[in-house]
Amino acid sequence: MKEQALSAEVFLSNLHEHEQVLADMAALAPQVSDVARRLAQCLASGGKVLFCGNGGSAADAQHLAAEFTGRYGYDRRPLAAVALHCDTSALTAIGNDYGFDHIYMRQVQALGRPGDMLVGISTSGNSANVLLAMEAARAAGLTCVALTGQGGGRMAALADVLLAVPASRTPRIQEMHILLGHTLCGMVEQALCEPPHGESSGTKARA
């Protein structure tokens, strides 16, 4: 066993790297505000937000969709959002019949309507199934937002707004994606939903 790998220094090194990336995230503030405004307009006009990603990015997609349909900071009306990987029957049927690259594209074609939004999440910006979903979304009149790592990969050319984390390591990118997602959830919630009497807009600890 390599004891060095288990030392507190490993955590401190990761924390230092995280802090460096976090400091560079301020440059994304205008794009974050732009995405929040587009999300609020979409949801206020009766549209919905579709999320997609793979692996950890799928987990982030599901997490953020739940923040919209459930609650983020306080009790309010549900906001329409769907994580496209959660329907396992659709996922396996489309994957079996058409191939894994088409699992999100087909759902976007079926569910997406002009005025809706697609949020594609990929640390590399090159996930084939997310790219095809974004192409389908653009063709159907959806607004496309890409959450990626440094440079944006091939998704940059398909995104109406690109939120590219200024980092190349997957763990740091994913940490910033959830920061971006939570920030957007909070901004949209406050823009569209008044907090109940006596509740503040800050998030409460909950299960």
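Helix 3 and helix 7 are roughly parallel to each other, a description that applies to angles under 35 degrees, whereas those over 145 count as roughly antiparallel, those from 65 to 115 as roughly perpendicular and the rest as oblique. By class, the contact of these two helices has five nonpolar, seven polar and two charged residues, where Ala, Val, Leu, Ile, Met, Phe, Trp, Tyr, Cys and Pro count as nonpolar, Asp, Glu, Lys and Arg as charged, and the others, Gly among them, as polar.

The model is a predicted one, in which local features need pLDDT of at least 70 and side-chain atom pairs count only at pLDDT 80 or more, while totals for chains, interfaces and linings use all residues. Residues are numbered from 1 along each chain as its sequence is written, and side-chain values use heavy atoms, with hydrogens and water left out.

Helices (H or I, at least four residues) and strands (E, at least two) are DSSP runs numbered from the N terminus. Helix 7 has 23 residues and reaches 33 Å from its first C-alpha to its last, close to the 33 Å expected at 1.5 Å a residue, the expected span being 1.5 Å times one less than the number of residues. The table sets out its packing with two other helices, using axes that are lines fitted to C-alpha atoms over the stretch in contact and angles that run from 0 to 180 degrees between N-to-C directions.

| Pair | Angle | Axes apart |
|---|---|---|
| Helix 3 (residues 56–69) and helix 7 (residues 170–192) | about 15° | 10 Å |
| Helix 1 (residues 8–24) and helix 7 | about 55° | 10 Å |

Helix 1 and helix 7 are therefore oblique to each other. In their contact (heavy atoms within 4.5 Å), Asn14, Glu17, His18, Val21 and Leu22 of helix 1 meet Arg172, Glu175, Met176 and Leu179 of helix 7. By class, this contact of helix 1 with helix 7 has four nonpolar, two polar and three charged residues.

Several residues of helix 7 are buried, including Arg172, Met176, His177, Gly181, Cys185 and Val188, where buried means under 20% relative accessible area, exposed over 50% and partly exposed in between (1.4 Å probe, protein chains only). The buried residues of helix 7 pack against helix 1, helix 2 (29–44), helix 3, strand 3 (117–121), strand 4 (143–148) and strand 5 (161–164).

Elsewhere, Asn129 lies in helix 6 (residues 128–139) and is buried, with a relative accessible area of 2%. Leaving aside residues up to four places away in sequence, Asn129 touches Asn54, Phe100, Asp101, Ile103 and Tyr104.
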